[in-house]
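Hello,

Please find the structure below, handed over for your use. My notes on it follow.

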Amino acid sequence: DLPRGSRKIQPLAQDVINKIAAGEIIVAPVHALKELIENSVDAGATQLEVVVKDGGLKLLQITDNGHGIDKDDLSLLCERFTTSKLKAFEDLQSIETYGFRGEALASISHIAHLTVVTRTAESSCAWRAQYADGKLVPPKPGQSAEPKSQAGRQGTQITVEDLFYSIPTRRRAFRSHSEEYAKIIDMVGRHAIHCAHVGFSCKKHGESARSLQIPVNASTVDRIRAVHGTQIANEVVHWTTSNERWGFKADAWVSNANYSVKKTILLLFINHRAVESSAIKKAIDATYATFLPKGGHPFVYLSLEIEPNRVDVNVHPTKREVNFLNEDEIIEAICDEIRSELAKVDTSRTFLTQT
Ligand code: ADP
Ligand code: MG
């Protein structure tokens, strides 16, 4: 217990700071997985395999065929604020990678057991390293903490075990593994639809059947079909729109007026980052409400590209939300486009039923 009456202000120890920060960035297993997927895509991977045990709490493993990590960088890999992606603060305005804070792997290493196996094109072998609290650690007491060579293909495999072992209250709060797994499948599915030219697979540890499998050359409709089913895939229309004044481009696949689901499915990407926006969701729902039967909702996959200097990606360490200029105008333009697409389909249906 803290002594009462002692008001002396003292700095927190670094490991306490790191653990607090980690708990903020990684709230559930799916948040760790999102960071790992983003790292693999940043690394130019075209194939991504995810294996999960106990909703990600026991095991989260992601294997990619990206550019790999240099052996010499392994000692710094899990230090907080070490990154190969951002140099100056101003670069944030034009950042094209998902990552930039160098916090993800550091955070994970403070709240889980983390193992990396990686090989670059230049290296003659793969290297395995284990981490705890930001630093290389020996696999077993008495062994060396230095990375060990082994056979392996180019790319990176990150294994995260016993997530939240160091935050027992958080770990106990997870009631249902299948709920956490559903969130993971949803997150993999979002990226599988958005990341063209990248193949994805996701399965539970020890099972041979995959929950999700998308081949590298699948088209966008193929991807929507694989993740959300044939019905939705058959009822989506594709449109694009742009506006120079508000500095944005939109590329979308949305369900038509003949089809609805019980709960809105919104897959939103802003500058290729999976984000959430209650403002966009509300506006889209309201737009569809006049076209769909009561209680019916749309499927919307919306990829927005906004001029980087109009977007602030650094609103929160989780990067789950972004701020951008002229939000109202951009939302209005998108809803206008949806309205005219829905009207088109509506007239074609009237036309069909009349003949
Ligand atoms: P950030 O992505 O913000 O740079 P991370 O902690 O997520 O921070 O990753 C730290 C660094 O580790 C990255 O900048 C990158 O150089 C390297 N890295 C992480 N994951 C991978 C991967 N799958 N393939 C190649 N390099 C990776
Ligand atoms: Mg990252």
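**Helix packing**

Helices α2 and α5 (residues 177-194) pack with their axes 9 Å apart, at an angle of about 25°. This is a predicted model. Angles under 35 degrees count as roughly parallel, so α2 and α5 are roughly parallel to each other. Their crossing is right-handed. On the α2 side, the contact is made by Pro 29, Val 30, Leu 33, Lys 34 and Ile 37. From α5 come Glu 180, Lys 183, Ile 184, Met 187 and His 191. Sorted by class, this contact of α2 with α5 has six nonpolar, three charged and one polar residues.

Helix α5 also packs with helix α6 (residues 220-228), at an angle of about 165° and with the axes 8 Å apart. Angles over 145 degrees count as roughly antiparallel, so that is the description that applies to α5 and α6. The crossing of α5 and α6 is right-handed. Gly 189, Ala 192 and Ile 193 of α5 make the contact with Thr 220, Arg 223, Ile 224 and Val 227 of α6. By class, the residues in the contact of α5 with α6 are four nonpolar, two polar and one charged.

**The sheet**

There is an open sheet of five strands with mixed pairing, in the order β10-β11-β14-β12-β13. The edges are β10 (236-243) and β13 (273-274); each has a single partner strand, so one side of each is left without a neighbour in the sheet. β10 runs antiparallel to β11 (residues 248-255), and eight bridges join the two. In one of these pairs, Thr 240 has Asp 251 in β11 as its bridge partner. Helix α5 packs on this sheet as well, where it touches β12 (265-270), β13 and β14 (299-306). The direction of α5 makes about 60° with that of β12.

**Around ligand 1**

Which residues come nearest to ligand 1? Of the 22 residues around the ligand, they are Asn 39, Ala 43, Thr 83, Gly 99 and Ala 104. Two helices, α2 (29-42) and α3 (104-111), each supply at least two residues of the shell. The shell divides by class into 10 polar, seven nonpolar and five charged residues.

In short, α2 has a part both in the shell around ligand 1 and in the packing with α5.

Regards

How values were computed
Residues are numbered from 1 along each chain as its sequence is written. Chains are lettered from A and ligands numbered from 1 in the order in which they are written. This is a predicted model: local features need pLDDT of at least 70, side-chain atom pairs count only at pLDDT 80 or more; totals for chains, interfaces and linings use all residues. A residue is near a molecule or strand if its C-beta atom, placed from the backbone, lies within 6 Å of it. Helices (H or I, at least four residues) and strands (E, at least two) are DSSP runs, numbered from the N terminus. Ala, Val, Leu, Ile, Met, Phe, Trp, Tyr, Cys and Pro count as nonpolar, Asp, Glu, Lys and Arg as charged, and the others, Gly among them, as polar. Axes are lines fitted to C-alpha atoms, for helices over the stretch in contact, and angles run from 0 to 180 degrees between N-to-C directions. Angles under 35 degrees count as roughly parallel, over 145 as roughly antiparallel, 65 to 115 as roughly perpendicular and the rest as oblique. A crossing is left-handed if the near helix is turned anticlockwise from the far one by less than a right angle, and right-handed if clockwise. Two residues are in contact if their C-beta atoms, placed from the backbone, lie within 7 Å. Two strands pair if DSSP finds at least two bridges between them.
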